[in-house]
Amino acid sequence: MDTVRGVACLLVAVICLSCAAAAAARSPAARLHRHLKRLNKPAVKSIESPDGDMIDCVHISHQPAFDHPYLKNHTIQMRPNYHPEGLYDESKTSSSSGERPMVQLWHQNGTCPEGTVPIRRTKKDDLLRASSMRRYGRKRHTTANPMSVNPTMLNEGGHQHAIAYVQGDKYYGAKATINVWEPKIEQPNEFSLSQLWILGGSFGEDLNSIEAGWQVSPDLYGDNNTRLFTYWTSDAYQATGCYNMLCSGFIQVNNQIAMGASIFPTSSYSGSQYDISILIWKDPKEGNWWMQFGKDYVLGYWPSFLFSYLADSASMIEWGGEVVNSQPDGMHTSTQMGSGHFPEEGFSKASYFKNIQVVDSTNNLKAPKGLGTFTEQSNCYDAQNGNNADWGTYFYYGGPGRSSNCQ
């Protein structure tokens with residue numbers, strides 16, 4: 001009898017331990033640890049940036065893109081077959097002789113070796129700031145629709161834009177030189193960005209979008225630094241896509257530029273001006289969408305199978321600024337767009353996009369036809385376009401947000 005009682009007690013103890021282990025595995029701390037492990041791949045080398053970021057040099061075949069089931073056996077395309085200016089030229093991926101300019105802050109402390117890609121490490125605090133781990137690194141629906149202004153978005157803490165755009169043709173890419181600033185953000189859950197959008201489909205649930213530019217987002221990064229970023233979605237930001245390398249999708253091939261890392265230096269009012277150039281185009285042979293940063297860095301690509309409409313071409317291109325207006329205390333946010341100054345102030349005071357181009361069906365860069373501008377509230381943020389010999393097609397944009405004219 002004592003033996004039976006002892007065995008029963010032992011079984012109860014084992015069951016209790018199993019239950020405790022199962023409960024621990026389901027705990028928020030355990031789920032957070034597993035999520036960090038999924039996001040942060042094993043590093044060949046790690047570099048601490050002066051701004052506190054940790055940049056992990058991850059083997060090119062171990063990057064987050066390959067978590068996607070369709071990419072398990074994918075052969076990485078190390079370079080595009082064609083460049084929009086003509087046949088792809090090897091010199092476009094390497095710097096010309098002379099010293100390479102500092103473009104990201106982490107470069108001060110090292111570089112990633114060949115065969116790896118730099119990925120900004122996600123920290124525990126990053127996930128804790130997010131509304132949920134599932135939503136971390138994802139946008140809510142944010143694309144400007146120049147054909148429709150939804151008044152409820154203006155009154156319920158929506159996203160606001162000041163953009164230039166083209167539509168009515170098939171587009172195979174876009175390019176622009178973007179003035180870089182460090183706008184002030186009023187609330188941690190707000191952001192300010194300047195980017196280009198490659199769009200396909202409607203503005204309903206089937207929207208396809210590829211986006212790239214610079215942003216200040218305390219919620220996403222934990223600071224007010226200006227950072228290079230990308231985004232993609234194939235279903236209007238519902239379940240697909242993410243910022244940077246925070247999910248499978250974008251395949252990086254460059255070992256020198258990190259998505260989400262701080263850009264340095266930035267422009268100052270009535271002082272030195274700094275800009276970056278971004279080119280996104282569809283490789284006519286493989287169908288993948290490639291991204292180039294500046295003259296020297298072909299960063300990587302979004303495989304065409306990620307998309308429905310963009311598997312063929314884009315139907316609209318947008319360039320410009322976007323902010324989140326959460327209406328703190330029932331007032332319009334004072335979060336700045338661009339430099340925080342209106343377009344009419346001009347060079348060294350207002351932010352700009354210049355040398356705006358689109359890629360046509362013959363894989364050539366050309367000036368956009370019929371460029372329009374759009375903003376939901378021009379008394380808060382505005383855009384004004386122009387054209388001249390030095391800057392080609394350009395526009396100034398931005399604004400301060402809340403003011404005597406913007407309530």
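These are my notebook entries on a predicted model, taken one topic at a time.

**Ground rules**

I number residues from 1 along each chain as its sequence is written. The model is predicted, so I keep local features only at pLDDT of at least 70 and side-chain atom pairs only at pLDDT 80 or more, while totals for chains, interfaces and linings use all residues, and side-chain values use heavy atoms, with hydrogens and water left out. For elements I follow DSSP runs numbered from the N terminus: helices are H or I with at least four residues, strands are E with at least two.

**Entry 1: the sheets**

I began with an open sheet of 6 strands, in the order β10-β9-β8-β15-β6-β18 and with antiparallel pairing. I count two strands as paired if DSSP finds at least two bridges between them. Which strands stand at the edges of this sheet? They are β10 (227-233) and β18 (372-375); each has a single partner strand, so one side of each is left without a neighbour in the sheet. From one strand to the next the twist averages 20°, with axes as lines fitted to C-alpha atoms (for helices over the stretch in contact) and angles from 0 to 180 degrees between N-to-C directions. I then looked at β9 (residues 208-216), which runs antiparallel to β10 and is joined to it by 7 bridges. Gly213 faces Phe229 of β10 there.

Next I found an open sheet of 3 strands, ordered β1-β2-β5, with antiparallel pairing. Its edges are β1 (43-48) and β5, each with a single partner strand, so one side of each has no neighbour in the sheet. Here the twist averages 25° from one strand to the next. β1 and β2 (residues 54-59) run antiparallel and are joined by 5 bridges. Across that pair, Ser46 stands opposite Asp56 in β2.

**Entry 2: salt bridges**

I counted 12 salt bridges, taking each as a side-chain nitrogen of Lys or Arg within 4 Å of a carboxyl oxygen of Asp or Glu. One of them joins Asp53 and Arg227, at 2.6 Å from N to O. This pair links distant parts of the chain: Asp53 is in the loop between β1 and β2, Arg227 is in strand β10, and they are 174 residues apart. Are these two buried or exposed? Asp53 is buried at 4% relative accessibility, and Arg227 is buried at 0%. My cut-offs are under 20% relative accessible area for buried, over 50% for exposed and partly exposed in between, with a 1.4 Å probe and protein chains only.

Asp56 is in strand β2 and Arg121 in the loop between β5 and α3, so the pair ties together parts that are 65 residues apart in sequence. Asp56 is buried at 5%, whereas Arg121 is partly exposed at 29%.

Arg120 and Asp126 also form a salt bridge, their closest N and O atoms being 3.6 Å apart. Both residues are buried. I also noted a network of salt bridges that links Asp51, Asp53, Arg120, Asp126, Arg129, Asp223 and Arg227.

**Entry 3: cavity and pocket**

I searched a 1 Å grid over the protein atoms alone: a cavity is a set of points where a 1.4 Å probe fits but cannot get out, a pocket is an open set with protein on both sides within 12 Å along at least five of seven lines, and lining residues have an atom within 4 Å of a point. Points are joined across faces, edges and corners, and a volume is the space filled by probe spheres set on them.

There is 1 cavity of 30 Å³ or more. The largest cavity holds about 120 Å³ of space. Its lining has 13 residues, with Arg120, Thr122, Asn244, Leu246 and Met259 nearest the centre. β5 (116-120) and α5 (218-221) each give two or more residues to this lining.

The largest pocket holds about 460 Å³ of space. Of its 22 lining residues, Arg138, Arg140, Asn189, Phe191 and Asp219 are closest to the centre. α3 (124-129) and α5 each give two or more residues to the lining.

Most residues other than glycine have a negative phi, and most peptide bonds are trans. Phe264 and Pro265 are joined by a cis peptide bond, with omega about -5°. Pro265 lies in the loop between β11 (251-252) and β12 (275-282). Ser270 lies in the loop between β11 and β12, and its phi is near 60°, a positive value.
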